[in-house]
Structures are given as structure tokens and as C-alpha cells.
Amino acid sequence: MDLDLRTASLMTALVANVAGAVFIIDTLLRREDGPSRYWSVSFLSGMATTVAYTMWATDVGGAFSIALANALFVNTTGFLWLGSRVFNQRPVGLATGAVVLTDLVVAGAVLVEGPDGGDWAGWLAMGISLVVLAVLAAVETVRRPMGRMTTSWLLAGVFAVQAVFYLARVIAFLLFGPGSDTFHTYFGSGTANIVTVVLVIVGVVVISMLRASRTDLRRYTWMSHVGVTTDGIMLSSTFASALQDVIERASWREELVAVISVRVEDIARIRSAFGADMSGDVTHAWRQGVRRFAPSTGLVGEDGDHGLLVVARAATAAEARRQAGVIYRGLFESFGEVTSAVIPAIGVGVALTETVGYDLDALLRGARGASRRAVASVEASVLFGGADDVLPDLR
């Protein structure tokens, strides 16, 4: 399909402006901060880009319209990259300066060539800038914590496609020139507009999904760079390292250490039956309840999607049971503050060093096995891990 330049520009303008307006309005309604603000600036730049290119396509503004459009186009990708950096809690001061400087260079390249440069004045500077910024954005989206989300890889794919397309376009520009039939057929303005429309549609959907995921995660599981969630619970890898250190030091003094596994089932069913808000509130109450009622000197960490672990010093097995019982009863109190209609199944299991020894894997297997049995039990609130729980599952 061969679209004339004016039609292609208007089509791109319509899609970009509608998508950008929807995202910006949603950002204002949500009162979002952080990455959403940078992404909103990106979409706003994209909307302004279409206006500038439309002015150029209708012979308004001449070289100034091209300079403005090229700079705004580069700024669109640049602020998508900056938003991803903010998403990952990385500094953006120098990066913002680099984006602004790139915008000025791209606009200046057009003005330096002036009217003699024609419609493609300064394009090479813009094409190279887009390739570099798209690569940086693609790399940033797969960094952790953003990279832990599957959706972020889709966004990385969008940036990768953009980088490959503009790299090929730069090479074709240098080899064949913008006036050649080969360049016009495969890398002309019509083709670029179609690619832009596809990338904008996919990009706005993916970024909206990422923002929604971050909003949900920020309530109870959003990570900081130090390996601890914002609600004070350690990530599983951080907790495992800390637990290993506690066990090793306790073994030197032959002190009793209890590992308590708190497992909650039915979160997925609650989400299906009552919605994401209810399941989020229940999950938040569970996480904060464990942290609130665990011993103040104990460590609390994540253990998969359905479990939390607590490691605490206990003088006797009876004290360890009492600590676990306090957590169990406290969780019902926490859930009651959220809702009286939805109470998930709770299982609390305890593994003691005096029973399974000072072995990290054995303690974890013992606590997890006991908590799984406790979830299915209607007679006991807290169970201790035994020999069957400690043995590896060889099935």
C-alpha cells in the first residue's frame, strides 16, 4: 500500500495523539508520580511531533518545523528511557541532561543545513540518536526490578524493533540516499509512519500494563535496590543469605533457632471471585500481619508467591510454638480489619534446629512441609516439621 505523505502523516498524528491523550489523562486521574510523569512527557512530545510534522507536510514553517519535529521525536524516545530508569529507581540527572543535549544537537543539525538541506535536513543526526536511545531504553527495561515483569520484555521488544528499523534506515540513507527508489520503497516516510503507528499502539498498551503492575506491586511488594521490599520484608535471596548467617552463628553457641513458615492459600480464588482490589488488600494484610506479630528481633522474608518465612531465637520449643501461635492469631485479626467475608486458609509450620540440625535446606524443608500440612489441617493451627518434612521430595 502506497500512502501519500499527507495521508500517512495525518494517520500517524491521529493514532499518536489519541494514544498519548489517553495515557496522559489516565496519569492525571491516577495522580501518578515517578516513571508515569516521564512517560507522559514522552507521549506529550510525541503528540507535539505529529503537529510539527503535519505543519511540515502542509508546507508550513519550513526548516523550523523539521527541526522542531526531529527534536521532539528524539525526545519521545529519550523520555521513555528516562521513565524506565525512574521505574528501576536509578538516577536520571545526567541522563536527562544527555537527552536534552541530544535534542539540541538534532534540531541544530537541521538549522545548520537550512533550506538547502531540503526535506531530509539533519535527518542523519536524528536517525543515529534514535538508534542509540532505543538501545539504551531496551537495555533499561530488562534491568531489575523492571526486568522481573514479563511485560517489560515486550516493551524491550518495541525498543529493539525501533532500533533495528532506524539502524537499517540510517544505513540505507548512507548507501542509497533519500532520493533513491530503494530508500523510498523500503524506508520512506510512508513506511516509517506505519512502523511508528504500530510501535505507538503496542507501546502505550505495554506501558499502561507496566504502570498498573507497578501500582499493584507498590502496595506491598515493590522492591528497592537494597533487596528489601517497601513494606520491610526481605526478598527471598536476601533472606536466604541472612538466614544462613544466623544459623551459622547460632551453631557456634548451640542456640535454639526457629524457622517459621506462614503459608496463605486461596489468594488466586479471592482475586477471581472478588477482584484484584480485595485480593490485594488480603495479601497486604497477610504480609503486614506477619511482620507486625513476628518477634521484633526476628527476620521476615518472602518465600514464593504463597509463603513468608520468619527466623527467630527461641529459648525452648514451647516458646517457638508460642511465637508461631501469636502470628497465627494475629493474622486473623489483620484479615478481620480488611473484611469479615473473605478469610483465606492459613498454615503455620515451625522447624527447630534442635530437631533438624543447623542445616539451611533441612530447616526450610521442615518449615514449609509443616505449613503445607497445617493449611489442610482443621485440628491444628501450628505444626512442627518432622522427619518426613525434612527428607527431600524425590518423586
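What pLDDT does the protein average? The structure is a predicted model, and the protein averages a pLDDT of 79, with 76% of the residues scoring at least 70.

**Confidence**

- Within the protein, confidence is highest in strand β1 (residues 257–264), at a mean of 92, and lowest in helix α15 (residues 387–390), at 56.
- Over residues 216–225 the pLDDT stays under 50, and for these residues the model has 35 contacts beyond four places in sequence.
- Where pLDDT is low, the predicted coordinates should not be read in detail.

**Helix α3**

- Helix α3 (residues 63–87) has 25 residues, which at 1.5 Å a residue should span 36 Å; the end C-alpha atoms of the helix are 36 Å apart, in agreement with that value.
- Of the 25 residues of α3, 23 are buried, so the helix is largely enclosed by the rest of the structure.

**A nonpolar surface patch**

- Leu167, Ile171, Leu175 and Phe176 form a nonpolar patch on the surface, and together they have about 410 Å² of accessible area.
- Leu175 belongs to helix α6 (residues 150–176).
- Leu175 counts as exposed because its relative accessible area is 63%, and exposed means over 50%.

**Salt bridges**

- The whole structure contains ten salt bridges.
- One of them joins the side chains of Arg90 and Glu140, at 3.1 Å from N to O. This pair links distant parts of the chain, 50 residues apart: Arg90 is in the loop between α3 and α4 (93–113), and Glu140 is in helix α5 (residues 123–141).
- Arg90 is partly exposed, with a relative accessible area of 28%, whereas Glu140 is buried, at 2% relative accessibility.
- Another salt bridge is formed by Glu255 and Arg313, whose closest N and O atoms are 3.6 Å apart. Here, too, distant parts of the chain are linked, 58 residues apart: Glu255 is in the loop between α9 (236–253) and β1, and Arg313 is in strand β3 (residues 307–313).
- Glu255 is partly exposed at 25% relative accessibility, and Arg313 is partly exposed at 43%.
- The side chains of Arg368 and Asp303 also meet in a salt bridge, at 2.7 Å from N to O. Arg368 lies in helix α14 (residues 360–376) and Asp303 in strand β2 (residues 299–303), so the pair ties together parts that are 65 residues apart in sequence.
- Arg368 counts as partly exposed, at 27% relative accessibility, while Asp303 counts as buried, at 15%.

Key:
Residues numbered from 1 in each chain as written. Predicted model: local features only at pLDDT ≥ 70, side-chain atom pairs only at ≥ 80, totals over all residues. Heavy atoms only, no water. Patch = residues over 30% accessible without salt bridge, like charges linked within 9 Å, V, L, I, M, F, W, Y side chains within 5 Å. Areas by Shrake-Rupley, 256 points an atom, 1.4 Å probe, with all protein chains shown as cover. Salt bridge = Lys/Arg side-chain N within 4 Å of Asp/Glu carboxyl O. Helix = DSSP H or I, 4+ residues; strand = E, 2+ residues; numbered from the N terminus. Buried < 20%, exposed > 50% of the residue type's maximum accessible area, 1.4 Å probe, protein only. Expected span 1.5 Å × (residues − 1). pLDDT = per-residue confidence, 0-100. Contact = heavy atoms within 4.5 Å.
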